[in-house]
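Hello,

I am handing over a structure for you to look at. Please open it first, then read my notes below.

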Amino acid sequence: MAIVTPLESAPGARRRLALANPATLEPIGEIEVQAADDVRAAVMKARETQPEWAASSFDMRATVIRRALRILLDRQDEFIDLILSETGKARSEALQMEIYAACDSLNYYARRAGKILKPRRERLHGMFSLLKQLHVVYRPLGVVGVISPWNGPFILAINPCIQALMAGNAVILKPSEVTPFSGKLVGDLFDAAELPAGLLQVMLGDGETGAELTRAGVDKISFTGSVATGREVAVACAEQLIPCTLELGGKDAMIVCGDADLDNAAGGAVAGAFMNTGQYCCGTERVYVVNSVADEFTRRVVERTQRLRQGAGGEFDVGAVFWPRQLEIIQEHVADAIEKGAKILCGGRRTPSLPGLFYEPTVLIDVHHDMQIMSDETFGPILPIMRVDDEETAIRMANDSDYGLGANVWTTNREKGIAMARRLESGSVCVNDMTMTYGLQEAPFGGVKQSGIGQVNGETGLKGYCHATPILVDRFGGRQTASRYPYTHEKDEGIRRFMRLQWGTALGRRLS
Ligand code: NDP
């Protein structure tokens with residue numbers, strides 16, 4: 001995320017913010033903060049255009065989405081350069097996490113949304129199947145507000161927009177104030193793809209703009225961000241009686257079993273902790289390794305960590321911390337851990353050779369759960385490793401958290417890995433992988449405990465942007481309902497006889 005500085009504004013004018021590149025500290029532009037009137041005007045415009053889009057075919061919507069895919073493929077370097085200027089992340093990360101993932105999402109929903117949201121006839125159970133027909137149609141909600149964070153500024157903005165649009169909604173997107181230009185790219189991409197005007201509008205601004213969006217009369221909020229803001233968004237949505245999905249923070253645990261392939265596990269730990277400079281919701285934030293392999297695992301982790309290259313421009317592995325507040329949190333958590341007895345095996349300080357917001361990839365041992373580094377979301381390039389007696393203890397420690405977004409288990413015994421995964425209190429779990437389920441559209445994604453409410457992506461996500469409307473048709477033109485009155489003892493006795501027939505015998509229960 002870029003460094004943001006408020007600018008002087010004339011009285012009555014919109015507030016302005018200046019942005020700087022976190023890796024080089026160079027200025028990269030300014031934005032005006034859009035206020036309540038702007039947001040409400042955008043929602044009105046969206047309401048005007050959405051019905052025609054909702055009435056269009058899935059093929060027609062998919063044509064626009066595919067055009068966006070082609071444009072993104074052609075102009076990927078331009079998009080990557082802009083994302084890098086706001087985030088200072090490694091180029092490969094912008095390519096893989098932002099562009100590749102966005103292309104995959106565009107293609108996935110263009111191809112499958114029509115099938116997933118196709119109206120369907122549902123076979124009714126028991127006697128109802130003789131009397132009624134049930135059709136279920138998926139109607140778009142209307143106007144969806146998407147509020148996105150700074151750590152995956154393009155993919156976390158575009159992915160919900162693609163799903164909401166393919167489901168037939170209009171979207172108002174509010175990206176984070178520190179990565180506004182990556183959010184604006186989403187609007188530019190769909191403009192270039194000739195999405196009808198008004199269907200996707202990007203509101204630049206800060207938290208105030210986001211708060212206005214939650215109160216502007218939209219039909220759903222799709223929020224990705226911190227637990228604290230998620231709670232505020234939930235309250236605002238409750239007041240409006242509108243649904244929301246909340247994709248919030250995490251403190252993902254990794255468990256290394258005694259039978260794990262230690263080289264793979266060490267590589268997984270390093271990737272899990274340092275990818276995106278540790279600033280992603282499913283980053284590995286704490287490792288529990290069983291005693292029997294702890295020394296060797298830790299040695300391999302340190303060896304790999306020391307080989308990582310940091311930089312600003314050119315080829316490197318670990319980029320900048322995206323904004324100053326995050327750097328403060330990282331420093332606070334490391335200082336707290338050291339004070340309480342943790343030992344640094346490598347890293348542990350700001351990177352002296354780089355002028356921007358850089359922190360060295362850090363490995364800590366002798367950590368425990370009374371340290372912030374093991375209990376609070378750090379969101380930085382820190383890997384704390386804790387030794388445990390056995391796998392049972394590892395599961396207990398992993399579950400000892402207010403968060404429950406992702407987790408990963410490393411073992412050469414696949415069945416054991418799956419069995420352990422089932423016992424972890426986590427929205428998703430990987431076996432022999434670092435958590436990347438957000439990138440797999442088929443996997444319903446969302447946290448438990450404080451890590452969120454609701455799930456996104458795939459069939460679950462698409463249907464979440466719709467109201468599933470049952471349409472019930474009487475097979476006999478309404479004769480049964482028309483003869484409802486008068487109520488009589490004879491009719492009640494008939495119903496009782498039928499109930500005994502239906503549920504009082506094994507055959508009856510099977511048929512109904
Ligand atoms: P924030 O909660 O600070 O911000 C998220 C978005 O909400 C931003 O666009 C922000 O705007 C906006 N916002 C701020 N205040 C309000 C408000 N009162 N009402 C409505 N919107 C508001 O999160 P971060 O941007 O700091 O993102 C990092 C967090 O996101 C981490 O905790 C991370 O774990 C989590 N995350 C979760 C993911 C998941 O899928 N579960 C994925 C990625 C990140 P502005 O920035 O302009 O203030």
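In which loop is L241 found? L241 is in the loop between α9 and β10 (244-247). Before going on, please keep in mind that this is a predicted model.

**Backbone points**

L241 has a positive phi of about 55°, and it is not a glycine. Is L241 buried or exposed? L241 is exposed, because its relative accessible area is 76%, and the cut-off for exposed is over 50%.

N432 is another non-glycine residue with a positive phi, about 55°. You will find N432 in the loop between β18 (428-431) and β19 (448-449). With a relative accessible area of 37%, N432 counts as partly exposed.

There is also a cis peptide bond to look at. This bond joins Y485 and P486. Omega there is about 0°. P486 is placed in the loop between α17 (479-482) and α18 (489-503).

**The ligand**

Some distances are worth checking on screen. In W150, a polar side-chain atom lies 2.7 Å from an oxygen atom of the ligand. In G205, a backbone N or O atom lies 3.5 Å from a ligand oxygen atom. In G207, a backbone N or O atom lies 3.3 Å from an oxygen atom of the ligand. On its own, the ligand has 910 Å² of accessible area, and the protein covers 90% of that.

**R61**

R61 belongs to helix α2 (residues 58-74). R61 counts as buried because its relative accessibility is 3%, and buried means under 20%. Which residues does R61 contact, leaving aside neighbours within four places in sequence? They are W53, A54, S56, L165, M166, A167 and G168. With A54 there is a polar pair to inspect: the backbone oxygen of A54 lies 3.0 Å from a polar side-chain atom of R61.

**H489**

H489 is in helix α18. At 70% relative accessibility, H489 counts as exposed.

**S129**

S129 lies in helix α5 (residues 128-131). Is S129 buried or exposed? S129 is buried, because its relative accessibility is 15% and the cut-off for buried is under 20%. Not counting residues up to four places away in sequence, S129 touches L124 and R475. A polar atom of the S129 side chain also lies 2.7 Å from the backbone oxygen of G126.

Please write back with any questions.

Best wishes

Terms used. Residues numbered from 1 in each chain as written. Predicted model: local features only at pLDDT ≥ 70, side-chain atom pairs only at ≥ 80, totals over all residues. Heavy atoms only, no water. Helix = DSSP H or I, 4+ residues; strand = E, 2+ residues; numbered from the N terminus. Buried < 20%, exposed > 50% of the residue type's maximum accessible area, 1.4 Å probe, protein only. Polar contact = N/O pair within 3.5 Å; in protein donor to acceptor, adjacent residues only side chain to side chain. Contact = heavy atoms within 4.5 Å. Areas by Shrake-Rupley, 256 points an atom, 1.4 Å probe, with all protein chains shown as cover.
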